[in-house]
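Please keep the sequence and the 3D view at hand while you read.

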Amino acid sequence: MKHGADILIVEDSASDIQILAELLSGLGSISFAMTGADALAKLRDSQFDVILLDVMLPDMTGFDVCQQIAADLNPGESSVIFVTALHDAQSEEHGLLLGAMDYITKPFSPPAVRARVRNHLTLSRTTRDLRRAHERLQQLAALDYLTGTFNRGHFEMLVNRELERAERSGLTGALLLIDLDHFKRINDTHGHAAGDQVLISVADAWLRELRSCDILGRVGGEEFAVFLPETGGTEATNIAARLLQRTRDLPIVWEGRQTLRITASIGGAWPVDCALDLKTLMKAADRLLYRAKQAGRDRIEI
Ligand code: GH3
Ligand code: MG
Ligand code: MG
Ligand code: MG
Ligand code: MG
């Protein structure tokens, strides 16, 4: 991860570049571009926290560059500061309306420029940290902390979205409800931590077996559900059979010496006609899961 701030100076006057680079040294690592095209190429390759942008450039205007930056980058990703000899109010307004965070006219007061850049760097760093934290929180809020599969709420949200899409497209999907067999015995015999390890291992094995479009969620203590989009009955049955095989074959090493074994039972349901709501599907799958348990476990009922 990058730590220091990155500053891009876009300026066609070599002496101005030198003045700015000296002025801003110590605030971050400095790159420069002497044309608009060069600036855009550098922006495609690397991320900058602050871009000091001249307006009058040999190949295009700084306004064009700014417009391009605004179109390509997320808001707040880099702060553009115009540094230009154009001091009329209209140009200043134009630059700011294009999304620049500041507009400095030449000749400028060096200490003030340094202070402004420093403030923008702080803001840009804070924005980036907040965005990262937000993404991380969103991820955490969607996942089951133990197995890394979706938690119940997020699973339901995603499946409902799939069901709505299926309704529009006419393509259906299948729901599998998976419950571990005699899981309580694992806890009772080897302890709760061993039970947790079993949950982690099976979820991991299933995630490897499933396609990236499939949605796996932990919907109860040792109960999981998978929604298989655009999947018919035969294919869903095959997938369920593979999941059970995987579970059966999975060597779960516990405390480096014991190998725990587990099986699972599955109730499978797919929407017929317009029974396209998750509650109905879950209920149907749950009844079938119960039947699979009654019939001796380690099997699928559809
Ligand atoms: P069946 O084959 O009928 O499903 O039997 P089972 O033992 O799997 O089902 P039962 O509902 O009797 O027990 C489920 C157990 O799962 C009880 C509960 O303590 C345990 N459990 C639920 N959540 C967790 C968890 O996060 N970690 C661990 N280790 N155990 C859990
Ligand atoms: Mg110029
Ligand atoms: Mg169980
Ligand atoms: Mg259960
Ligand atoms: Mg149940």
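Which element gives the largest share of the shell around ligand 1? The answer is helix H8 (192-209), which contributes four residues. Please keep in mind throughout that this is a predicted model.

## Around ligand 1

Ligand 1 is surrounded by 16 residues. The closest are Asp181, Phe183, Lys184, Gly195 and Gly221. Two or more residues of the shell come from each of S7, helix H7 (183-190) and H8. Sorted by class, the shell around ligand 1 holds seven charged, five polar and four nonpolar residues.

His182 is located in the loop between S7 and H7. The phi of His182 is near 45 degrees, a positive value in a residue other than glycine. Is His182 buried or exposed? With 12 other C-beta atoms within 10 Å, His182 is exposed.

## The whole chain

Stepping back, the chain has 10 helices and 13 strands. Its C-alpha atoms fill a box of roughly 85 × 50 × 25 Å along the principal axes. The radius of gyration of the chain is 29 Å, whereas a compact globule of 302 residues would have one near 19 Å. Of the 302 residues, 32% count as buried. Among the contacts with a separation of 6 or more, 63% are between residues 24 or more positions apart.

Ser91 and Val198 are 107 residues apart in sequence, and their C-alpha atoms are 65 Å apart in space. Ser91 is found in helix H4 (residues 89-97). Leaving aside neighbours within four places in sequence, Ser91 is in contact with Val55 and Leu86. Ser91 has 19 other C-beta atoms within 10 Å and is partly exposed.

## A parallel sheet

Now to a sheet of five strands. What is the order of the strands in this open sheet? The order is S2-S1-S3-S4-S5, and the pairing is parallel. Strand S2 (28-33) and strand S5 (102-105) stand at the edges with a single partner strand each, so one side of each has no neighbour in the sheet. From one strand to the next, the twist averages 20 degrees.

Strand S1 (residues 5-10) pairs with S2 in the parallel sense over six bridges. Within this pairing, Ile9 has Phe32 in S2 as its bridge partner. Helix H2 (residues 36-45) packs on the sheet and touches S1 and S2, and its direction makes about 140 degrees with that of S2. Helix H5 (residues 110-142) lies across S1, S2, strand S3 (50-53), strand S4 (79-84) and S5. H5 runs at about 165 degrees to S4.

The loop between S5 and H5 contains Pro107. A cis peptide bond joins Lys106 and Pro107, with omega about 0 degrees.

Another strand to find is S9 (residues 223-229). Five of its seven residues are buried, so S9 is largely enclosed by the rest of the structure.

| Strand | Sense of pairing with S9 | Bridges |
|---|---|---|
| S7 (residues 173-180) | antiparallel | seven bridges |
| S8 (residues 215-218) | antiparallel | four bridges |

Val226 in S9 takes part in both pairings: Val226 is the bridge partner of Leu176, and Leu216 stands opposite Val226. A hairpin of four residues joins S8 to S9. As background, side chains in a regular strand alternate between the two faces of the sheet.

## Towards the end of the chain

A last stop is Asp298, in the loop between helix H10 (278-294) and strand S13 (300-301). Asp298 is not a glycine, yet its phi is positive, about 50 degrees. How exposed is Asp298, and what is the count behind that label? Asp298 is partly exposed, with 16 other C-beta atoms within 10 Å.

Definitions and conventions. Residues are numbered from 1 along each chain as its sequence is written. Chains are lettered from A and ligands numbered from 1 in the order in which they are written. This is a predicted model: local features need pLDDT of at least 70, side-chain atom pairs count only at pLDDT 80 or more; totals for chains, interfaces and linings use all residues. A residue is buried if 20 or more other C-beta atoms lie within 10 Å of its own, exposed if 12 or fewer, and partly exposed in between; C-beta atoms are placed from the backbone. Two strands pair if DSSP finds at least two bridges between them. A residue is near a molecule or strand if its C-beta atom, placed from the backbone, lies within 6 Å of it. Ala, Val, Leu, Ile, Met, Phe, Trp, Tyr, Cys and Pro count as nonpolar, Asp, Glu, Lys and Arg as charged, and the others, Gly among them, as polar. The radius of gyration is taken over C-alpha atoms; the globule rule is 2.2 Å times the number of residues to the power 0.38. Two residues are in contact if their C-beta atoms, placed from the backbone, lie within 7 Å. Axes are lines fitted to C-alpha atoms, for helices over the stretch in contact, and angles run from 0 to 180 degrees between N-to-C directions.
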